[in-house]
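Student: Could you take me through this structure by question and answer, giving the cut-offs as the terms come up?

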Amino acid sequence: MATAALLALTCCGPMALAVQQDASEPRAEIQINLCARPQDVVKGLALQADEAGPTEVWYFDTPGLEFIRRGLVFRLRRGDRTPELTLKVASQDCTQIKPAWIPKGEGKCEYDNHGALFSGTVSLMHALDEKTAQALMAGRLPLEKALGPAQIAYLRNVASAWPLASGIRPLGPMQIQPYRAKNASFDVAVWTLPAGETTIELSEKTAFKDVLHRRSELLEHLSRAGIALCPDQDGQGIDRLRVLLNRR
């Protein structure tokens, strides 16, 4: 059923189908990059900052960004919760993922869309204690020593990316401030880099059958609010990492 639905969506325009390992039905995620000043987006969409405050984010890659170019992302998030190290692997077929590859409660596989890109992505999460997170961010702990067993197994047995490349660097910190409009179902995330550069993304998870209609509604809503879309609707991750590398 999920495979048939995926084929139906891929023929009909840009969208994202989220297929979580323990979800009974697939969900869709709409992602739109916004190119406007953060204060204009907040005002134009009547947004309120999340009470939990910003999340600190670090990435780990080589000087040549070898991982992200291969579709691999290593991300550490710190905020009001336990530090969490996430491995993301792009270009995966979620319909072919074996349950053993993603232990229950440790990850998911979902189809994401950024502009014309439509790719299945496996995410595997591993909780860290604060001491380990601090050592990882400072470069005192090698990345491979911080990864969890499921992450290492996926890198070795599925992604064919083990052992890891040498020369891995911590890249950060960045801050993510989430916003939400009253009675709205979409989220807006403002990413701020160390020198103050920002990128903004609107995202919304919706019912599978409503993706095209809801995306059209969101684009119309942004247009009425005078919020400009970025000409490039692809993922902004590699651009942020390039900026961080140039700061070193």
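**Helix, rings and core**

Tutor: I238 lies in helix α8, where a helix is a DSSP run of H or I of at least four residues, a strand is a run of E of at least two, and both are numbered from the N terminus. This is a predicted model, in which local features need pLDDT of at least 70, side-chain atom pairs count only at pLDDT 80 or more, and totals for chains, interfaces and linings use all residues. Residues are numbered from 1 along each chain as its sequence is written, and side-chain values use heavy atoms, with hydrogens and water left out.

Student: Is I238 buried, partly exposed or exposed?

Tutor: Buried means under 20% relative accessible area, exposed means over 50%, and partly exposed is in between, with a 1.4 Å probe and protein chains only. The relative accessible area of I238 is 21%, so I238 is partly exposed.

Student: How far apart in space are I238 and V73, C-alpha to C-alpha?

Tutor: In sequence, I238 and V73 are 165 residues apart. In space, the C-alpha to C-alpha distance between I238 and V73 is 9.9 Å.

Student: Why is the pair of F67 and F74 edge-to-face?

Tutor: Rings of Phe, Tyr and Trp (its six-membered ring) pair if their centres lie within 6.5 Å, and planes under 30 degrees apart count as stacked, over 60 as edge-to-face and the rest as tilted. The structure holds two aromatic pairs. In the pair of F67 and F74 the ring centres are 5.0 Å apart, and the pair is edge-to-face because the planes lie at 70°.

Student: Which parts does the pair of W101 and Y154 tie together?

Tutor: W101 and Y154 form an edge-to-face pair, with 6.2 Å from centre to centre and 90° between the planes. W101 is partly exposed at 27% relative accessibility, whereas Y154 is buried, with a relative accessible area of 2%. The pair ties together parts 53 residues apart in sequence, because W101 lies in the loop between β6 (84–89) and β7 (107–114) and Y154 lies in helix α6 (residues 149–157).
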